[in-house]
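Subject: Structure handover

Hello,

Here is the structure I promised to pass on. Please open it first, then read my notes below.

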Amino acid sequence: MQLCKNPREPFTPTKPMRIPVLQGVIDRRILVNFSAEPDVVAKLIPSPFCPKIYREKAVVGICLIRLKHVRPAGFPAWLGISSENGAHRIAVEWAEEDGQTKQGVFIPRRDTSSLLNHLAGQRVFPGRHHRARFLVHEEKGRYQVAFTSDDGTSIALDARKADTFTSKIFPSLSEASRFFEGGAVGFSPSGSDYEGLELRAFSWNIEPLHVSAVQSSFFENEFFFPKDSIQFDNALLMTKIAHEWHSVGRKRSCV
């Protein structure tokens with residue numbers, strides 16, 4: 001099955017945004033992961049991105065991340081900003097000009113509680129950042145995170161810390177951890193191009209979550225994901241992670 005129009009064609013580099021190195025703390029990061037049919041996912045991403053296949057499935061998901069003290073590298077933490085953010089992600093692969101196959105995520109949409117992030121999207125930060133109203137409640141290992149965006153897109157999650165990891169596609173927590181650690185580079189639409197950011201986490205520790213309820217209007221939209229083409233698989237938690245964001249430049253599709 002050919003999932004991409006030109007799977008071996010490399011990206012053509014274009015002039016990147018002038019994004020400084022940003023640093024801060026990931027106060028909380030939840031990855032809500034779904035398995036999906038590769039041919040369905042291939043229709044949602046531009047060439048030459050290809051779905052990254054794991055055990056015959058594409059992997060898509062939502063990143064619900066609270067950032068604190070985000071500021072240009074070298075500036076004091078008290079000058080940084082904090083925000084709740086949501087990103088819909090698709091695990092992908094692509095070819096570089098030197099022939100190497102790279103991996104990361106394609107991010108078709110971003111949502112944020114921050115007016116600054118919303119205004120800076122596609123100007124300073126990659127991709128359009130929809131303004132959203134977040135409702136968050138965290139207590140005794142329970143995480144309830146929901147938002148409704150300016151265009152009506154909504155997400156709701158109710159999850160608890162778990163002692164064991166459960167997944168239909170990943171055989172172990174360590175295998176899932178390696179898979180998602182490899183997706184540190186994310187590309188977002190920026191005009192006709194794709195702007196990339198790399199997350200450089202100074203530590204990497206993932207815990208499993210048990211999900212009692214999850215809702216995503218994006219993944220439940222049968223125009224994008226026909227019935228039975230996608231199903232929830234697992235959720236993972238990271239907390240208190242010092243990190244930096246580095247620009248990896250802007251790239252243009254070969255077609």
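Accessible areas come from the Shrake-Rupley method with a 1.4 Å probe; for residues, only the protein chains shown count as cover.

Two notes on reading the model. This is a predicted model: local features need pLDDT of at least 70, side-chain atom pairs count only at pLDDT 80 or more, and totals for chains, interfaces and linings use all residues. Residues are numbered from 1 along each chain as its sequence is written, and side-chain values use heavy atoms, with hydrogens and water left out.

**Overall build**

The protein has three helices and 14 strands. Helices (H or I, at least four residues) and strands (E, at least two) are DSSP runs, numbered from the N terminus. Of the 255 residues, 51% are buried. Buried means under 20% relative accessible area, exposed over 50%, and partly exposed in between (1.4 Å probe, protein chains only). Take the contacts with a separation of 6 or more: 72% of them are between residues 24 or more positions apart. Contact means heavy atoms within 4.5 Å.

**Helix H3**

H3 covers residues 173-181. Its buried residues are Ala176, Ser177, Phe179 and Phe180. Seen down the axis of H3, they fall within an arc of 160°, so they line one face of the helix. The arc is that of the directions from the helix axis to the C-beta atoms.

**A nonpolar patch**

Phe75, Trp78 and Leu79 make a nonpolar surface patch of about 390 Å². Patches are made of residues with over 30% relative accessible area and no salt bridge; like charges are joined within 9 Å, nonpolar side chains (Val, Leu, Ile, Met, Phe, Trp, Tyr) within 5 Å. Trp78 sits in the loop between strand S5 (57-72) and strand S6 (81-95). Trp78 counts as exposed, at 70% relative accessibility.

**Salt bridges**

There are 14 salt bridges in the structure. A salt bridge is a side-chain nitrogen of Lys or Arg within 4 Å of a carboxyl oxygen of Asp or Glu.

Arg66 pairs with Glu84, with the closest N and O atoms 2.9 Å apart. Arg66 lies in strand S5 and Glu84 in strand S6, so the pair ties together parts that are 18 residues apart in sequence. Arg66 counts as buried at 16% relative accessibility. Glu84 counts as buried at 10%.

Asp111 and Arg109 also meet in a salt bridge, at 2.6 Å from N to O. Both are buried.

Lys161 and Glu207 form a salt bridge at 3.9 Å, N to O. This pair links distant parts of the chain: Lys161 is in strand S10 (residues 154-161) and Glu207 in strand S13 (residues 207-216), 46 residues apart. Lys161 is partly exposed at 44% relative accessibility. Glu207 is partly exposed at 25%.

Salt bridges that share partners join Asp27, Arg28, Arg66, Lys68, Glu84, Glu138 and Lys240 into one network.

**His243**

Is His243 buried or exposed? His243 counts as buried, at 1% relative accessibility. His243 is in strand S14 (residues 230-252). Its side chain reaches the backbone nitrogen of Ile26 at 3.5 Å. Leaving aside neighbours within four places in sequence, the residues in contact with His243 include Leu22, Gln23, Leu67, Leu199 and Phe202.

**Ser167**

Ser167 lies in the loop between S10 and H3. The Ser167 side chain makes a polar contact with the side chain of Asp233 at 2.5 Å. A polar contact is a pair of N or O atoms within 3.5 Å; within protein, one must be able to donate a hydrogen and the other to accept it, and residues adjacent in sequence count only if both atoms are side-chain atoms. The Ser167 side chain also reaches the backbone nitrogen of Ile169 at 3.1 Å. Ser167 and Phe34 are 133 residues apart in sequence and 9.8 Å apart in space, C-alpha to C-alpha.

**Two backbone angles**

Arg55 is not a glycine, yet has a positive phi of about 50°. Arg55 lies in the loop between strand S4 (53-54) and S5. Arg55 is exposed, with a relative accessible area of 56%. For His69, also a residue other than glycine, phi is positive and near 60°. His69 is in strand S5.

Best wishes
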